[in-house]
Amino acid sequence: MSGHGFHVHGPHDHAVEHAAHSADKFSGNIAVTTAILATVGALFGYQGGATQNEAALYKNNAAIDKTQAANSWNYYQAKSNKQNLAELAMTLPNVDPEKYKAEVARYRSEKEDIKKEAEKWEASSSEWNKKSDAALHQHHQWALATTAEQIAISLAAITLLTHRRWLLYTAYAVAGAGIALGLFAALHIDPIGALTGGGAAVGHH
């Protein structure tokens, strides 16, 4: 839906196209409304696809940084093993303990630098994951907004075929709700999450 454009096709399409050329003011207004809603829906669909791509990119960056962190921790473990061997060698007879003492100090110092590097990569991976989650959540909001516009267009088309004004008002209401959802998504606000206790806002990315 969000990644492949905004399309609404059905038996009513020819009726909508015919209404655009009709002298009937009521039908003409519906045709214009449908065109506007289709444009708004297309914009929402584009934003939904863009945020979905961002979420995938951020998740990929998180995985890369996580791998870097794992490599750093492996290197840290290797240094720990060498430090342990040097400490063991200090206890053996007929050895110069000062020589191994210097090695122990060197390994301990190197480990601290490696640990900081590993923690830096882990923090970066966590940050990318947060950005990915926020972008994916925003994608879902755009998808809801797009769906609302699709439903509104369908209701407008049914109104064109039946001339039921209450259907037109319903279409307006659904379209308005969709536009509101789109604005909330653009502003990184999650009203549904706030109502359900899931949070009042989407994190910026």
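Some ground rules before the details. Because the model is predicted, local features need pLDDT of at least 70 and side-chain atom pairs count only at pLDDT 80 or more, while totals for chains, interfaces and linings use all residues. Residues are numbered from 1 along each chain as its sequence is written, and side-chain values use heavy atoms, with hydrogens and water left out.

I start with the overall layout. The protein has 5 helices and 0 strands, and along the sequence the pattern reads α-α-α-α-α. Helices here are DSSP runs of H or I with at least four residues, strands are runs of E with at least two, and both are numbered from the N terminus. Of the 205 residues, 34% count as buried. Buried means under 20% relative accessible area, exposed means over 50%, and partly exposed is in between, with a 1.4 Å probe and protein chains only.

Now helix H3. This helix covers residues 97-162, which is 66 residues. From first C-alpha to last, H3 reaches 96 Å, close to the 98 Å expected at 1.5 Å a residue. The expected span is 1.5 Å times one less than the number of residues in the helix. After H3 comes His163, with a positive phi near 60°.

A salt bridge is a side-chain nitrogen of Lys or Arg within 4 Å of a carboxyl oxygen of Asp or Glu. The whole structure has 5 of them.

Lys59 lies in helix H2 and Asp133 in helix H3, so the pair ties together parts that are 74 residues apart in sequence. Lys59 is partly exposed at 38% relative accessibility, and Asp133 is partly exposed at 47%.

Glu87 is partly exposed at 30%, and Arg108 is partly exposed at 42%.

There is also a network of salt bridges that links Lys79, Arg106 and Glu110.

Glu117 and Lys120 form a salt bridge with closest N and O atoms 3.4 Å apart. The two are 3 residues apart in helix H3, so about one helical turn separates them. Glu117 is partly exposed at 32%, as is Lys120 at 45%.

Lys120 has another contact: it lies over the face of Trp121, at 4.7 Å from the ring centre. A charge sits over a ring if NZ of Lys or CZ of Arg is within 6 Å of the ring centre and within 35 degrees of the ring normal. The C-alpha of Trp121 is 9.2 Å from that of Ile64, although the two are 57 residues apart along the chain. Ile64 is in helix H2 and is partly exposed at 42%.

Lys131 likewise lies over the face of Trp128, at 4.8 Å from the ring centre. Trp128 is in helix H3 and counts as partly exposed at 24% relative accessibility. Trp128 and Asp65 are 63 residues apart in sequence, with C-alpha atoms 8.7 Å apart.

On to ring pairs. The structure holds 3 aromatic pairs. One of them is Trp73 with Tyr76, edge-to-face, at 5.4 Å centre to centre and 80° between the planes. Rings of Phe, Tyr and Trp (its six-membered ring) pair if their centres lie within 6.5 Å; planes under 30 degrees apart count as stacked, over 60 as edge-to-face and the rest as tilted. Trp73 and Tyr76 are 3 residues apart in helix H2, so they are separated by about one helical turn. Which of the two is buried, and which is partly exposed? Tyr76 is buried at 18%, and Trp73 is partly exposed at 28%.

Last, the surface. Phe184, Leu187 and Ile189 form a nonpolar patch with about 240 Å² of accessible area together. Patches are made of residues with over 30% relative accessible area and no salt bridge, with like charges joined within 9 Å and nonpolar side chains (Val, Leu, Ile, Met, Phe, Trp, Tyr) within 5 Å. Accessible areas come from the Shrake-Rupley method with a 1.4 Å probe, and for residues only the protein chains shown count as cover. Phe184 belongs to helix H4, residues 165-186.
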